[in-house]
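Here is a short report on a predicted model. Please have the sequence and the structure open as you read.

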Amino acid sequence: MSKSVADHVVRDRLWERHMLLARHGATAANGVNRQALSAAEIAARRELIGWGADLGLKPYSDAAGNFFLRLEGRDPAAAPVLSGSHIDSQPTGGKFDGVYGVLAALEAVQAICDSGQTPVRPIEIVAWMNEEGSRFAPGMMGSAVYAGDMALGDILPVRDAEGITVAQGLADMAHAFPDVPQRALGRPVAAYVEAHIEQGPVLEQKGFSIGVVTGIQGKRTFRVSVSGEDAHAGTAALRERKDALLAATAMIQALSAAMHDDEDIVKFTVGRLEIKPNAPSVVAGHALFSIDLRHPLESRLRELGDRVTDICTANAGPCAVEVDELVTAWPLEFPAAMQDEVRGAAQRLSLRSMDLPSAAGHDSRYLHGVCPAAMIFVPCKDGISHNEAESATPEDLCDGARVLAETLMALAGR
Ligand code: GLV
Ligand code: MN
Ligand code: MN
């Protein structure tokens, strides 16, 4: 029997590349801090370009800073199959979130090359710009702009905590790679497949190495800006204070109570709180906090999210409050035929798979809007993610890359 493309996936090479990429932005606690468009991300892209060059893959980028490595197909004019994820990370991120999707796609393409076959369609490995939304909010800017869900002009002026704009970050990236051509945004895509660690405990607990992702739960994010007045901590009368920190914490407590859910399906998170001037003896004149709200049902997400502004206003006390909704992303289901592609590939390789929804967000949310999309999950240790302790096994990563190789070969063959 002839070898399938999956048989050319090399577990140790895939693992080694995770360890090598993790040097770019490595933290003291064995994690990764690789912010979008940073020097660390530039270094990581340089490494990817080198690995791609060994296979004859051509790098290119676009105006939103997305990064591609293209394997030419027998029909170069055909729309490509895309596969990847992101290589930016959270500040205390791990070695696998996002990176796995890009390296699994590279491994799958290398396996296809090593099998001696050339797919009909080109296959492009992609690292989307700023998936995490950590340096620049909101996340998934690159894939959202690619899919036409956000305008380029909306992301360019967004600033990081130091005041540096996305436009400047994109210029830094372009400057680092003068030989990488830029192509038009929104080029047609035949299909998109994203491999990712599950970031939850289900696959590990149930003993499956492959998850066929059925869809992604909905998410709404908000930025709440509270304005009070700076005042002297020793002299300002309590009744005259406009303490933005006290107002913000009252809002957060009230929101948290309103969003409480005994069944633990509603996910409400305030992950960022900034105050100004942030000095021990000054009443805080400004507070800014983030809200990340998720639910698998559109009706519930709609109802809860629609209460945010009223709850903030009711708890503002003497301060002024402004609520901006940054992302409104309703729950989605991937096409059944694309789920079948992944399930079928796992079956052909005799790998146990189970269907499960994604509780985390992914770039495939936006690609789903422009082409048939699918996701492949592999287990991660104890479901831990967005944490330096994030961990996965070489075997599970390899199984996922094998399924990806089969799936890409099938999709790029028609
Ligand atoms: C993606 O990183 C998410 O926050 O769901
Ligand atoms: Mn991710
Ligand atoms: Mn993430």
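The report covers a ligand site and a pair of helices.

## The shell around ligand 1

Start with the ligand. Seen by residue, the surroundings of ligand 1 are Glu131, Glu132, Lys219, Arg294, Ala360, Gly361 and His386. Charged residues number 4 in this shell, with 2 polar and 1 nonpolar. Ala360 is the nonpolar one.

## Polar contacts of ligand 1

Side chains from this shell reach oxygen atoms of the ligand. For Arg294, a side-chain N or O atom is 2.7 Å from an oxygen atom of ligand 1. For Glu132, the corresponding distance to a ligand oxygen atom is 3.0 Å. His386 places a polar side-chain atom 3.4 Å from an oxygen atom of ligand 1. On its own, ligand 1 has 200 Å² of accessible area, and the protein covers 90% of that.

## Helices α2 and α6

Now turn to the helix pair. Helix α2 spans residues 39–54, and helix α6 spans residues 166–176. Their axes come within 10 Å and cross at roughly 35°. The crossing of α2 and α6 is right-handed.

Which residues make the contact? From α2 come Glu41, Ile42, Arg45 and Arg46. From α6 come Asp172, Met173 and Ala176. By class, the contact of α2 with α6 has 4 charged and 3 nonpolar residues, and no polar ones. Ile42, Met173 and Ala176 are the nonpolar residues here. Glu41, Arg45, Arg46 and Asp172 are the charged ones.

How values were computed: Residues are numbered from 1 along each chain as its sequence is written. Chains are lettered from A and ligands numbered from 1 in the order in which they are written. This is a predicted model: local features need pLDDT of at least 70, side-chain atom pairs count only at pLDDT 80 or more; totals for chains, interfaces and linings use all residues. Side-chain values use heavy atoms; hydrogens and water are left out. Axes are lines fitted to C-alpha atoms, for helices over the stretch in contact, and angles run from 0 to 180 degrees between N-to-C directions. Helices (H or I, at least four residues) and strands (E, at least two) are DSSP runs, numbered from the N terminus. A crossing is left-handed if the near helix is turned anticlockwise from the far one by less than a right angle, and right-handed if clockwise. Contact means heavy atoms within 4.5 Å. A residue is near a molecule or strand if one of its heavy atoms lies within 4 Å of it. A polar contact is a pair of N or O atoms within 3.5 Å; within protein, one must be able to donate a hydrogen and the other to accept it, and residues adjacent in sequence count only if both atoms are side-chain atoms. Accessible areas come from the Shrake-Rupley method with a 1.4 Å probe; for residues, only the protein chains shown count as cover.
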